[in-house]
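Work through the exercises below with the model open. Try each task before reading its solution.

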Amino acid sequence: MLYRGADLIRDVEWVIFDEVHYINDQERGVVWEEVIIMLPAHVGIILLSATVPNTIEFADWIGRTKQRPIYVISTLYRPVPLEYNLFVNKELFKIVNSRREFQTDQYVDVVY
């Protein structure tokens, strides 16, 4: 829609980028950059990611590109606990639980 100048873009008020850290992906990142750059000035942008390492620099780039203030809101709170699992022989083994505790017994079941 952006590349072709679709009329529909004038009705878009917000674009939400989830997992925006993919902008660092060698194959897909350029598309994310182009979309951010090409969005019309009236479109608000929300960028979501838990793993952008250079948040302030990234926000500064977007602010300069879009010529508007950008606000970074961050938190250490994770609404969905992160767990690590292994799927082996059609069976799921929890290796690290939501409290970041390594599950030795589960690991031993998988390895041995």
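Contact here means heavy atoms within 4.5 Å. The model is predicted.

**Exercise 1.** Find which residues Met38 touches, leaving out those up to four places away in sequence.

Solution. 
- Start with the element: Met38 lies in helix α1.
- Apply the contact cut-off. Met38 touches Leu2, Tyr3 and Lys66.
- Check a separation. The C-alpha atoms of Met38 and Val15 are 12 Å apart. Along the chain, 23 residues separate the pair.

**Exercise 2.** Classify Met38 as buried, partly exposed or exposed.

Solution. 
- Take the relative accessible area of Met38: 34%.
- Recall the limits: buried is under 20%, exposed is over 50%.
- Met38 is therefore partly exposed, because 34% falls in between.

**Exercise 3.** Identify the largest nonpolar core and the elements that give two or more residues to it.

Solution. 
- Count the members: the core has 12 residues, including Val15, Trp32, Val52 and Phe58.
- Assign the elements. β1 (14–18), α1 (29–38) and α2 (55–66) each give two or more residues.
- Beyond its neighbours within four places in sequence, Val52 contacts Val20, His21 and Phe58.

**Exercise 4.** Describe the fold order and the overall dimensions of the chain.

Solution. 
- List the elements: three helices and four strands. Their order is β-α-β-α-β-β-α.
- The chain has 20 Å, whereas a compact globule of 112 residues would have one near 13 Å.
- Read the spans of the C-alpha trace along its principal axes: about 60 × 30 × 25 Å.
- Finish with burial: 21% of the 112 residues count as buried.

Note on methods:
Residues are numbered from 1 along each chain as its sequence is written. This is a predicted model: local features need pLDDT of at least 70, side-chain atom pairs count only at pLDDT 80 or more; totals for chains, interfaces and linings use all residues. Side-chain values use heavy atoms; hydrogens and water are left out. A nonpolar core is a set of buried Ala, Val, Leu, Ile, Met, Phe, Trp, Tyr and Cys residues joined through side-chain atoms within 4.5 Å. Buried means under 20% relative accessible area, exposed over 50%, partly exposed in between (1.4 Å probe, protein chains only). The radius of gyration is taken over C-alpha atoms; the globule rule is 2.2 Å times the number of residues to the power 0.38.
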